[in-house]
Amino acid sequence: MLDFIYYPVSWILWFWHRVFGYVFGLGDFDKGASSGFAWALAVVFLVFTLRIVLYKPFVKQVRTQRQMQELQPQIKELQRKYKNDRQKMAVEMQKLQKDHGFNPLMGCLPVLAQVPVFIGLFHVLRSFNRTGTGIGQLGMSPELNAQTPNYVFNADDVQSFLSARIFGAPISAAITSPKETLDAFASYGGIPSVANMVAVAVPLMIIAGVATHFNARASVARQSAEAAANPQAALMNKLALWVFPLGVVVGGPFLPIAVLLYWVSNNIWTYGQQHLVFGRMEKEEEQKKQEAVERKAQNAPKPGAKPAATKKKSGQPEKAATTEAGAGPEANGTGADSDADTVEDGTAKSDTAKSGTAKSGTAKSGAAKSGASGKSAGSGNRKRSGNRGRANQKKRR
């Protein structure tokens with residue numbers, strides 16, 4: 001039923017076994033095919049091949065998660081606003097996602113893509129030894145099992161896999177493998193001891209659990225404060241930090257050694273890839289901030305440069321002068337006296353009496369306006385200073 005998963009996994013595993021069989025056989029595949037390290041590295045590079053294929057979706061996943069964290073306040077506002085209208089909330093959520101160009105499903109794609117590969121690898125590895133009677137087992141005799149192909153692997157490959165050992169432990173066996181399963185290895189390297197399998201499997205279980213914990217910790221450390229404060233996110237963070245790593249350790253005895261190798265190599269790749277991707281994204285953000293600062297500096301006026309003069313409409317200077325003259329007495333009660341003194345100086349220096357008279361007339365109008373402003377402001381002193389100025393003008397004439 002799941003052959004569309006089992007055959008691709010088998011082909012990739014077969015390819016890398018051929019490569020490392022030649023490496024460990026020093027060019028002679030038949031000599032290196034039964035090496036336990038050749039099969040172990042084939043499993044490891046099966047993981048690496050998958051992760052290379054999923055690299056771009058992983059980057060997209062990280063960007064999507066960051067976008068969702070940035071949009072969390074808007075999402076909460078929509079949830080609060082349309083809490084009684086689920087349909088309207090769904091429409092507004094889709095609109096928000098479309099406006100910002102992200103798809104929440106991309107955040108789950110890399111994880112979802114690894115699930116069928118894990119299932120496929122587990123099934124293919126178990127199918128090398130079908131002597132058991134449990135779920136997915138066929139109850140074959142050891143002789144029949146050794147002569148039965150396993151998907152793309154022929155009978156010689158099956159026998160090579162049964163003969164492969166890592167420090168005396170077959171990579172297709174688990175610590176809890178039943179006796180009939182272990183008996184199938186009798187003609188191919190002898191029946192393995194449980195002590196050897198424990199010596200190999202337990203360190204792999206611990207490494208896998210610790211690696212899972214540190215990967216989760218690195219992911220949680222990059223969450224925003226708003227996202228971490230979400231009760232659902234806080235629960236998932238606790239599960240990822242403690243429950244999942246503990247599950248790997250507790251479930252390790254039931255997994256074949258090859259699956260534990262898969263788990264360890266997958267976590268090691270994830271740890272390195274996270275630091276690489278997040279490091280590049282942080283550099284991109286710093287570069288964007290630097291470019292924004294440079295653009296702001298370019299638009300700002302240079303030090304010591306005078307601001308550009310703006311053109312004024314006709315009539316504005318006269319209006320400003322009149323306003324200044326009218327506002328002067330409000331600020332100082334001696335404004336009219338100052339105007340009178342100006343008229344006196346202008347009269348003394350002027351060659352003709354007409355020009356002095358004209359200036360005095362201007363002063364009168366200014367004083368009259370000042371007096372009117374002072375009267376509206378309710379200042380008696382300003383009115384007396386204006387009257388005193390007009391009297392002095394008459395005496396000077």
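**Reading the model step by step**

Reply: We may begin with Ala199, which is found in helix α11; helices here are DSSP runs (H or I, at least four residues), numbered from the N terminus. This is a predicted model, in which local features need pLDDT of at least 70, side-chain atom pairs count only at pLDDT 80 or more, and totals for chains, interfaces and linings use all residues. Residues are numbered from 1 along each chain as its sequence is written, and side-chain values use heavy atoms, with hydrogens and water left out.

Me: Is Ala199 buried or exposed?

Reply: Buried means under 20% relative accessible area, exposed means over 50%, and partly exposed lies in between (1.4 Å probe, protein chains only). Ala199 has a relative accessible area of 53%, so it is exposed.

Me: Where is Val43 found, and is it buried or exposed?

Reply: Val43 belongs to helix α3. With a relative accessible area of 1%, Val43 is buried. Val43 and Trp16 are 27 residues apart in sequence, and 7.9 Å separates them in space, C-alpha to C-alpha.

Me: Which residues have the most contacts inside the largest nonpolar core?

Reply: A nonpolar core is a set of buried Ala, Val, Leu, Ile, Met, Phe, Trp, Tyr and Cys residues joined through side-chain atoms within 4.5 Å. In this model the largest such core has 49 residues, and Leu125 and Phe128 have the most contacts inside it. At least two residues of this core come from each of α1 (3–24), α3 (36–53), α7 (109–126), α9 (155–163), α11 and α14. Helix α3 supplies the largest share, eight residues. Domain 1 (1–128) and domain 2 (193–296) each contribute at least three residues to this core; the domain bounds come from an automatic or database domain assignment.

Me: How is the packing of two helices described?

Reply: Two packed helices are described by the angle between their axes and by the distance between the axes. The axes are lines fitted to C-alpha atoms, for helices over the stretch in contact, and angles run from 0 to 180 degrees between N-to-C directions. Helix α11 (residues 194–221) and helix α14 (residues 257–299) pack at an angle of about 30°, and their axes are 9 Å apart.

Me: What does that angle tell us about α11 and α14?

Reply: Angles under 35 degrees count as roughly parallel, over 145 as roughly antiparallel, 65 to 115 as roughly perpendicular, and the rest as oblique. Helices α11 and α14 are therefore roughly parallel to each other. By class, their contact has 16 nonpolar, six polar and no charged residues. Here Ala, Val, Leu, Ile, Met, Phe, Trp, Tyr, Cys and Pro count as nonpolar, Asp, Glu, Lys and Arg as charged, and the others, Gly among them, as polar.

Me: Where does Leu26 lie, and what is its phi?

Reply: Leu26 is found in the loop between α1 and α2 (29–32). Although Leu26 is not a glycine, its phi is positive, about 55°. At 75% relative accessibility, Leu26 counts as exposed.

Me: Which loop holds Phe167?

Reply: Phe167 is found in the loop between α9 and α10. Phe167 has a positive phi near 55° and is a residue other than glycine. Its relative accessible area is 66%, so Phe167 is exposed.
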